[in-house]
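Here are my notes on the model, for reading beside the structure. Please go through the points in order.

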Amino acid sequence: MNKKEITFRDPVVERVVDKFVSRSDEGFRKYGATLHDERTSGVKDLDKYLNDVMEELMEDAVLYIQTAREEIADNEKV
């Protein structure tokens, strides 16, 4: 495991990086491997990674966009 010390000038960037680290930790707990481990051991190939991206976008991103749009519409009615 590598350790880095980073000085952030932008707290928004810092929060995003923290979320990446947290998500990586969660994935490691769940699957017992890092993305690097999966790639270098041949567990997944490029097609499987592209499928993962497609599923992530279909399942999560689109739902969040729709929810955000409904929130905007509700706020405009007030």
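1. Start with helix 1. This element has 21 residues and runs 30 Å from first C-alpha to last. That is close to the 30 Å expected at 1.5 Å a residue. Bear in mind that the model is predicted.

2. Look next at how helix 1 begins. Aspartate 10 caps its N-terminal end. A side-chain oxygen of aspartate 10 lies 2.8 Å from the backbone nitrogen of valine 12.

3. Now the other end. Glycine 32 follows helix 1, and its phi is positive, near 70°.

4. How far does the predictor trust this chain? The mean pLDDT is 93, and 100% of the residues reach 70 or more. Confidence is highest in helix 1 (residues 11-31), at a mean of 96. It is lowest in helix 3 (residues 46-77), at 92.

5. Turn to the largest pocket. Its volume is about 1400 Å³. A total of 30 residues line the pocket. Nearest its centre lie Phe20, Arg23, Ser24, Asp25 and Leu35.

6. Which helix gives the most to the lining of the largest pocket? Helix 1 does, with 14 residues.

7. To sum up, helix 1 is the place to look: it carries the highest confidence in the chain, has aspartate 10 as its N-terminal cap and gives the most residues to the lining of the largest pocket.

Conventions:
Residues numbered from 1 in each chain as written. Predicted model: local features only at pLDDT ≥ 70, side-chain atom pairs only at ≥ 80, totals over all residues. Heavy atoms only, no water. pLDDT = per-residue confidence, 0-100. Helix = DSSP H or I, 4+ residues; strand = E, 2+ residues; numbered from the N terminus. 1 Å grid on protein atoms, 1.4 Å probe; cavity = no way out; pocket = protein on both sides within 12 Å on 5 of 7 lines; lining within 4 Å. Points joined across faces, edges and corners; volume = space filled by probe spheres on them. Expected span 1.5 Å × (residues − 1). Polar contact = N/O pair within 3.5 Å; in protein donor to acceptor, adjacent residues only side chain to side chain.
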